[in-house]
Amino acid sequence: MIKAILIFNNHGKPRLSKFYQPYSEDTQQQIIRETFHLVSKRDENVYNFLEGGLLIGGSDNKLIYRHYATLYFVFCVDSSESELGILDLIQIFVETLDKCFENVCELDLIFHVDKVHNILAEMVMAGMVLETNMNEIVTQIDAQKKLEKSEPRQHSETPSLLKNKKLIWRGGVHL
Amino acid sequence: MLNRKGRRWGADACVVGFSGGGVGAEFGDPLRERMVVPSLKLQDLIEEIRGAKTQAQEREVIQKECAHIRASFRDGDPVHRHRQLAKLLYVHMLGYPAHFGQMECLKLIASSRFTDKRVGYLGAMLLLDERHDAHLLITNSIKNDLSQGIQPVQGLALCTLSTMGSAEMCRDLAPEVEKLLLQPSPYVRKKAILTAVHMIRKVPELSSVFLPPCAQLLHERHHGILLGTITLITELCERSPAALRHFRKVVPQLVHILRTLVTMGYSTEHSISGVSDPFLQVQILRLLRILGRNHEESSETMNDLLAQVATNTDTSRNAGNAVLFETVLTIMDIRSAAGLRVLAVNILGRFLLNSDRNIRYVALTSLLRLVQSDHSAVQRHRPTVVECLRETDASLSRRALELSLALVNSSNVRAMMQELQAFLESCPPDLRADCASGILLAAERFAPTKRWHIDTILHVLTTAGTHVRDDAVANLTQLIGGAQELHAYSVRRLYNALAEDISQQPLVQVAAWCIGEYGDLLLAGNCEEIEPLQVDEEEVLALLEKVLQSHMSLPATRGYALTALMKLSTRLCGDNKAAILEKMPLVERDGPQADEEAKESKEAAQLSEAAPVPTEPQASQLLDLLDLLDGASGDVQHPPPLDPSPGGALIHLLDLPCVPPPPAPIPDLKVFEREGVQLNLSFIRPPENPALLLITVTATNFSEGDVTHFICQAAVPKSLQLQLQAPSGNTVPARGGLPITQLFRILNPNKAPLRLKLRLTYDHFHQSVQEIFEVNNLPVESWQ
């Protein structure tokens, strides 16, 4: 099981934090700091596995990370996951981000962290691997984008909740 | 203030979602503008936060914005709600409190707009969990969305349910999820399957609900569904032996799926570096491992396939290696044919040579697990394992060390020890202790000759003396003592080692003992085994004196040096009458240390008795020796009166600073004990200075916890002068670890009654201890 997925930059600023087990807010922040501390000390040429820190660690858990330019992608997993497999998973995640953002860079993650969450949700769910086919993921994301755009702009008197599957709107933008 | 898009004031009346630039209304309706509070878009807030130069500034910006967000929530503005929540989630990631957004998540989830729901569900995953009562309130919305929502909405609901769904929610919603398992859309089905896994984790009884659909799901061809199904079956099997037995019958089907994947050839759909869906392959292999463990029939069914995967997988990239590695683990875990097991271990051995560090790491870890069960197979890869000792990464070399030590046997011990000793010289400090004790242990078990054994221990003591266990000294003296033919060799080597370095205490102790015992052999000059060395008495004595006076020497070490000097004093003079200092017979193994100390005190006592016996020239020679030892007291008596009282001669001999108390006339006093920590005082009155009292304070620790930050302070009556010397340290390790000693010098010219108050502070068992007390029962001899 994947316990947490963290993305932070070379200075430890969090760019995405997703926890698949309940931790209090304080603990979450501590975990981010501790993980950054452990990971930033590593040389470039060592292997990509670390025993977890005190908070999210324990003998069972490992940190598997990859360093891309200014960002660290860290997956904290337990022993039921294949370490080499997770390395590939991180690569797929980054390649998918690249496809969705067109030459993704840190700024994209900064300004569109919500999108990153959506993409991640199509790959990993409840701490388990959901889908690894990039095309499927991107197709889904595009479909959601379309859905978003097709929803007409809202005005203040929003009609009450509709229970129908189709959202039928009358009228367009209120000027 | 306009943002860089220049549309801050106008854009807020219309909301199109927060990704990408929104099109602003060109003409703001003045009525609308008065009613709608202008709020930042998410990107604008992010920019503002990035613009802050200091942490304090960032906090200010965020707090201001949070106030706006709170106000907006209070006003119940539905139009901007999702944007407000998005901003709140952003600052939550940075560590700021966001609990006041919990209710808003509920409202957004209940909205009919996809954009709202998406943020709402994300918020629920980030802000709500089982510990908040509010979480149950979304159950109804999830139920509606699961049964009536469009596919993307169903996906959102399932995602959230599987992330933060509590046991109660899972029980409530299990029927809905079950229905979705068999729906046509693969997108929803694969999510429903993983949600089922989560539900079973929370409510194990639901296994009965989700077990039946698995058979049908396995026939699907969609990889996402297959992946989820294998995960689900794995979860079911791990939880219940009955389920495990039930699913054994799908082994042939799993084998078939895996075979198809492996032989499919290059397909763009799910392949990664030319390997078809490695994730699915790995999951299947994992499930096969569980099903085949301890089950002959299933293991047999898998044999051929495993062999096929093991030989055919492309290992040039990580994906192939991931599959191969999983295959190896499965082979080793089930009842596989012997040939297959050897193949698997060989694959691991090949992994060790891979240029990719990750693979080497994973291989070393697995070999360590296998070395007990498949020892001979792993032995074959010993050379490669030893190569890994040279790894620069500490974790990797630690594993290599463990594995190397496990592989030492009588036939490879010489070669292995050489490698391990080379490693000891260059290894990082935290591995030293393990390496040293590993080497010593292996040497004891497999030493081919005694000389080799002595050499090995000597080498370890020289390289990592401070990291060896306490019994190493005793072991070595025992070993040397028992190897008569090697006495000359040992003493010579130890002398050389000592001459180079007197800081490694175990080495110094052994060397001092050896020199004392076999000093005559040392001075005799020749020895076949090593180059002849001319050493004369002066050098030997000078070396021992250096040890005695060095601040690095522990009291025990000084004891050894002292004893050595006493022994030499008779041996070098060629006097055989002092039988008490004859060469020691071999001592019993257990407690040689204690025996030695007993012998030392016995010898000292006997020497004092023997002092009046020797003839004149004997005595002067003895005292000439003393001149060398203590130049300061040399002028005090020369020649000294042969003091009939035994105590006197003894005290001359031992009147040196920082010397452990002899079995002196003034008895020791235990002044303090608390939870295994003891404080002892021992007293010396140097005869040439009757006003002076030397007290040695010794702190020992027999408890299970270390004593740290130990400070001892003292106070005496005004008529006395007190001088405290620096203590030997501030830590006393647990279970009889090295004690702390400290010397007090008290000048009492008026022979006033001695009173002593002590203040101890230290940390023990994670508590600070402070004790202030006056020492009672001070012996009269200490001041009269």
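The legends below describe close-up views of a predicted model.

In this predicted model, local features need pLDDT of at least 70 and side-chain atom pairs count only at pLDDT 80 or more, while totals for chains, interfaces and linings use all residues. Residues are numbered from 1 along each chain as its sequence is written, chains are lettered from A and ligands numbered from 1 in the order in which they are written, and side-chain values use heavy atoms, with hydrogens and water left out.

**View 1. Strand S1 of chain A and its two antiparallel partners, S5(A) and S2(A).** Strands (E, at least two residues) and helices (H or I, at least four residues) are DSSP runs numbered from the N terminus, and two strands pair if DSSP finds at least two bridges between them. S1(A), residues 2-9, has 8 of its 8 residues buried, where buried means under 20% relative accessible area, with a 1.4 Å probe and protein chains only. S1(A) is joined by 7 bridges to S5(A), residues 71-77, and by 5 bridges to S2(A), residues 14-19. Leu6(A) has a bridge partner on each of these strands, namely Val74(A) in S5(A) and Ser17(A) in S2(A). S1(A) and S2(A) form a hairpin with 4 residues between them, and Gly12(A) in the turn has a positive phi of about 90°.

**View 2. Helix H5 of chain A, packed against helices of chains A and B.** The 17 residues of H5(A), residues 134-150, should span 24 Å at 1.5 Å a residue, which agrees with the 24 Å between its end C-alpha atoms; the expected span is 1.5 Å times one less than the number of residues. Its buried residues include Ile137(A), Ile141(A) and Leu147(A), and also Gln140(A), Gln144(A) and Glu148(A). These buried residues pack against H2 (83-101) and H4 (113-123) of chain A, and against H7 (114-127), H9 (151-164) and H11 (186-202) of chain B.

**View 3. Thr195(B) in helix H11 of chain B.** Thr195(B) counts as buried because its relative accessibility is 0%. Leaving aside residues up to four places away in sequence, Thr195(B) touches Met125(A) as well as Leu158(B), Leu161(B), Ser162(B) and Val177(B), contact meaning heavy atoms within 4.5 Å.

**View 4. Helix H21 of chain B, mostly covered.** H21(B), residues 357-370, reaches 20 Å from its first C-alpha to its last, close to the 20 Å expected for its 14 residues. Of these 14 residues, 11 are buried, among them Arg360(B), Tyr361(B), Leu364(B) and Leu370(B).

**View 5. Helices H26 and H27 of chain B, packed at an angle of about 170°.** The axes of H26(B), residues 429-446, and H27(B), residues 450-464, lie 10 Å apart. That angle makes the two helices roughly antiparallel, a label for angles over 145 degrees, the axes being lines fitted to C-alpha atoms over the stretch in contact and the angles running from 0 to 180 degrees between N-to-C directions. The residues that meet include Ile439(B) and Leu440(B) from H26(B), and Trp452(B) and Ile457(B) from H27(B).

**View 6. An open antiparallel sheet of 5 strands in chain B.** The strand order is S3-S4-S5-S8-S7, with S3 (669-674) and S7 (721-724) as edge strands that each pair on one side only. The twist averages 20° from one strand to the next. S3(B) is joined to S4(B), residues 677-684, by 5 bridges, and Arg674(B) stands opposite Val677(B) in S4(B).

Conventions. Parallel < 35°, antiparallel > 145°, perpendicular 65-115°, else oblique. Buried < 20%, exposed > 50% of the residue type's maximum accessible area, 1.4 Å probe, protein only.
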